[in-house]
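Have a look at the picture first, and then read on.

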Amino acid sequence: MLVRVDKEADAIDLELSNEPIESSEEVSDGVIFDYTTDGWLVGVEILPASQKSHADALKHINVAA
């Protein structure tokens, strides 16, 4: 799993797999699930991240290189 934090876009992106994304669905306000052609969940995006988590939480996310 890969976690990306984009402070400029105020987004957190959780990449669960490196399989290609076929479709995306906003399952809740600002929470987007990404799926493969077979319907497998491969990613989650959270927007705006600063409003959906405690401010200190974003500072302590370990980001993979």
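What follows covers the overall fold, the sheet and its hairpins, the salt bridges and a surface patch.

This is a predicted model, in which local features need pLDDT of at least 70 and side-chain atom pairs count only at pLDDT 80 or more, while totals for chains, interfaces and linings use all residues. Residues are numbered from 1 along each chain as its sequence is written, and side-chain values use heavy atoms, with hydrogens and water left out.

**The overall fold**

The protein has five strands and one helix, arranged along the sequence as β-β-β-β-β-α. Helices (H or I, at least four residues) and strands (E, at least two) are DSSP runs, numbered from the N terminus. Of its 65 residues, 23% count as buried; buried means under 20% relative accessible area, exposed means over 50%, and partly exposed lies in between (1.4 Å probe, protein chains only). The accessible surface comes to about 4800 Å², and carbon and sulfur atoms hold 51% of it. These areas come from the Shrake-Rupley method with a 1.4 Å probe, and for residues only the protein chains shown count as cover. Among contacts (heavy atoms within 4.5 Å) with a separation of 6 or more, 36% join residues 24 or more positions apart.

**The sheet and its hairpins**

The five strands make an open sheet in the order β1-β2-β5-β4-β3, with antiparallel pairing. Strands β1 and β3 are at the edges with a single partner strand each, so one side of each has no neighbour in the sheet. On average, neighbouring strands are turned by 20° against each other, direction ignored; the axes behind such angles are lines fitted to C-alpha atoms, for helices over the stretch in contact, and angles run from 0 to 180 degrees between N-to-C directions. Two strands count as paired if DSSP finds at least two bridges between them.

Four of its five residues are buried, so β4 is largely enclosed by the rest of the structure. Strand β3 (residues 23-28) pairs with β4 over five antiparallel bridges. Here E25 has F33 as its bridge partner, and E26 stands opposite I32. The hairpin of β3 and β4 has two residues between the strands, and G30 takes a positive phi near 80°.

Strand β5 (residues 41-46) also pairs with β4 in the antiparallel sense, over five bridges. I32 stands opposite E45 in β5. The hairpin of β4 and β5 has five residues between the strands, and in this hairpin G39 takes a positive phi near 85°.

**Salt bridges**

The structure holds two salt bridges, each being a side-chain nitrogen of Lys or Arg within 4 Å of a carboxyl oxygen of Asp or Glu.

| Pair | Closest N to O distance |
|---|---|
| D13 and R4 | 3.2 Å |

R4, D13 and E15 are linked in a network of salt bridges. R4 is partly exposed at 38% relative accessible area, D13 is partly exposed at 23%, and E15 is partly exposed at 25%.

**A nonpolar patch**

M1, L16 and L41 make a nonpolar surface patch of about 310 Å². Patches are made of residues with over 30% relative accessible area and no salt bridge, joining like charges within 9 Å and nonpolar side chains (Val, Leu, Ile, Met, Phe, Trp, Tyr) within 5 Å. M1 lies in the segment before β1 (2-6) and counts as exposed at 72% relative accessibility.
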